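I opened a notebook for this chain. Below are my entries, in the order in which I looked things up.

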Amino acid sequence: MRYRSPLFGCEIADLVALASIRSRGQALGDNSTRESGTMTDTQPIDTAGLRARYRLERDKRLRDDGNDQYLEPAGPFARFLDDPHVEKAPREPRFDEVTAVFIGGGFAGLCAGARMKQAGIHDVRIIEGGGDFGGAWYWNRYPGAMCDTASMVYLPLLEEVGHMPTMKYTFAPEIFAHAQNIGTEFGLYDGALFSTAVTSLTWQEDSARWLIRTDRGDEIRARFVAMGTGPLHRPKLPGIPGIDGFEGECFHTSRWDYGYTGGNSAGAPMNGLTDRRVGIIGTGATAVQCIPHLARDADQLFVFQRTPSSIDIRHNHPIDTDWFKGLETGWQHEWLTNFATLQTGGFADDDLVKDGWTDISQRIRDRVLVEMARPGTEPGPDLLQRAYESSDDEKMAEIRARVDEVVDDPATAEALKPWYRQLCKRPCFHDEYLQAYNEPGVNLVDTDGKGVERIDATGVWVAGVHYEVDCLILASGFEVGTDQARRSGFETTGRDGLTLTEYWADGMQSLHGIHVHGFPNLFIAGLSQGANLISNITHNLSEAATTIAAVITHALETGVDQVEVTQAAELAWVEMLDGNTRSFLGNPDCTPGYYNNEGRPTGRRERLNASGYPDGAAAYFEYIERWRRSGDFEGLEFS
Ligand code: NDP
């Protein structure tokens, strides 16, 4: 019998065979030990008291409207979607046909395009709403933007493009440039349509083609269509009363207005803020990265906090060129497998990445081993649960202790402490964020879980106090729980006029998260119903891209018109996923956020939308590679 932890898919049976699991890796060319964790003398933890505090903090934040508390950037708020980076130059509409269209020019589209080009499919067209490739990294150019996942595993196709990341964690401009380089290397700029939003995608049974309509008047036919339009794509705005009445400068972090602030995405001083009072709403992963820059450049900064993020050590450093040159061909696949394995509870001799993501699972494994060494200890879910809980309690105690170490003002430090389990919200890693609160002119306005009360023409109200600001920055995140059509901005209509929204009304249904019955020749590149590896999103996307390219290539080589998952195969996959505890949805006991449906009850729909392969990401990647290699494409019907 195999036991798995709810979060890590850890298999107890393997534990017995493990004598030692230690980080021996010469990771990143340095000899540093694990780059996370701060507290050396572990204090005994009052578990009952801690749980009570966690519940208290969660209950404060629970609200009936859940996801509905947010405003859509539409109607009067549509301007929040405008592209600040390029002018939308007029062009003639296109009326033509290509073999394959990919909707979305982020890493999913780039990887799929690259794999198709490698397979000899030349007329691949990427359609992208932004003015260039890059996806999230095209839009998110706020100061300080960087990737929380180590560049060696986050940046796809590094070996193919021949790029050595400059730092362990790279900044956004380098990631954006890497996306552009993939586009150039694989000839994906040819035929790409930028600043073009798809408005509808419709299957045409007679010709067995997809018809793609866009906001440029295009009508493009394609034999195969794939899409990678998320998951964190569409900005959401906080539904704070009066938000539409603010008369100062206001923008969402994903549309940073350097015209107003000055500076640039490389972190140059924002001279436009020198004599300005700036307010920022939100303290999630995005705000954590841009707040140190605002603290440096604004005259006054007001950070409006509803829930503090957990801030672990970043410890960034350059990558050693000589060490990098010594890596053997195929290194990236090894690193990806190693990271996915360790991060989702598996075992490996070396921890190549060694970061905050692998740290927690390492602690769990170490604890299990200690317990297993005690005579009479039975392996089982209880043991894993205990190991997970005590590792997490220890980690969060360290994170709170770090706040005290760094932040000078005790009241500010207290307000910055997160009271929830680390994976309740996106863990953050930063070495300048907490320090920013020691800067003169930086004011933390903690709302004690309630959020901003209201906004008026000149500023922000919290607990009856008015904070006057010239500029209001919304670091309020992206839509997660809403319908796919709303998030991508277009509806997909398959066989017999059935829309994806209708088909997925009770939750996503697919094989591997990629193929959907009733939607032939259509492929989806995402996380859900596949590996669902949240710590390294691009790994999900690049694997999906490889799968999509393999299936399309097979269809073309065998001269078939249509490929579609059978209903039986889809059903079997969905049934396997349903009931599995391994879900992207966090614990319902967590403080609300997009990891747990904003604390609202979850049913089958939410479970399916956030589900992943029961045996974990590493097992999924192994499985899908076998599935592709077999050449049988089991579950698909080619006709
Ligand atoms: P988040 O959804 O994580 O954060 C939104 C913030 O806005 C939260 O702090 C939220 O508070 C706050 N908020 C919402 N409404 C109000 C209100 N009415 N009053 C006050 N505060 C409010 O969005 P982010 O853009 O920060 O991050 C989104 C995701 O993007 C991350 O989870 C991560 O996956 C990804 N990302 C990744 C990075 C990387 O390094 N790889 C960097 C940046 C982002 P509350 O918590 O209480 O809901």
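Definition first: I take helices (H or I, at least four residues) and strands (E, at least two) as DSSP runs, numbered from the N terminus. I note that this is a predicted model, where local features need pLDDT of at least 70, side-chain atom pairs count only at pLDDT 80 or more, and totals for chains, interfaces and linings use all residues. Residues are numbered from 1 along each chain as its sequence is written, and side-chain values use heavy atoms, with hydrogens and water left out.

**Entry: the whole chain**

I looked up the secondary structure and found 21 helices and 21 strands. The radius of gyration is 24 Å, close to the 26 Å that the globule rule gives for 639 residues, so the chain is as compact as a globular protein of that length. That radius is taken over C-alpha atoms, and the globule rule is 2.2 Å times the number of residues to the power 0.38. I then read the extent of the C-alpha trace: about 70 × 70 × 55 Å along its principal axes.

Next I looked up burial. I use buried for under 20% relative accessible area, exposed for over 50%, and partly exposed for in between (1.4 Å probe, protein chains only). By that cut-off, 57% of the 639 residues are buried. The chain exposes about 24900 Å², and carbon and sulfur atoms supply 49% of that area. Such areas come from the Shrake-Rupley method with a 1.4 Å probe; for residues, only the protein chains shown count as cover.

Contacts came next, meaning heavy atoms within 4.5 Å. Among contacts between residues at least 6 apart in sequence, 74% join residues at least 24 apart.

I also checked charge. The chain has 61 positive and 94 negative charges, and their mean positions are 2 Å apart. Lys and Arg count as positive and Asp and Glu as negative, while His and the chain ends are not counted. Each charge is placed at NZ of Lys, CZ of Arg, CG of Asp or CD of Glu.

**Entry: helix α3**

I went to α3, residues 107-118. Its twelve residues reach 16 Å from first C-alpha to last, close to the 16 Å expected at 1.5 Å a residue. The expected span is 1.5 Å times one less than the number of residues. Ten of the twelve residues are buried, among them F107, L110 and M116. What lies over them? The cover includes β2 (95-103), β3 (124-127), α4 (136-139), α5, α7 and α18. After α3 comes G120, with a positive phi near 90°.

I read α11 at residues 331-343. Its 13 residues should span 18 Å at 1.5 Å a residue, and the end C-alpha atoms are 18 Å apart, which agrees. Ten of the 13 are buried, so α11 is largely enclosed by the rest of the structure. I listed some of the buried ones, including W331, W335 and F339. The cover on α11 includes α5 (151-154), α6 (158-161), α10 (321-325), α12, α18 (537-558) and α21 (617-630). Just after α11, G345 takes a positive phi of about 90°.

One of those covering elements, α12, was my next stop. It runs over residues 356-372 and reaches 25 Å end to end between C-alpha atoms, close to the 24 Å expected. Twelve of its 17 residues are buried, including W357, D359, R363 and R365.

**Entry: single residues**

Is R51 buried or exposed? R51 is buried, with a relative accessible area of 16%. R51 sits in helix α2 (residues 47-61). Leaving aside neighbours within four places in sequence, R51 contacts E389, D393 and R421.

T170 is in the loop between α6 and α7 (172-185). Its relative accessible area is 0%, so T170 is buried. With neighbours within four places in sequence set aside, T170 contacts M146, C147, S151, L155, P165 and I175.

Most residues other than glycine have a negative phi. D448 is not a glycine, yet its phi is positive, about 50°. D448 lies in the loop between β13 (442-446) and β14 (454-456) and is partly exposed, at 34% relative accessible area. N532 is also not a glycine, and has a positive phi of about 55°. N532 is in the loop between β19 (522-524) and α18. N532 is buried, with a relative accessible area of 10%.
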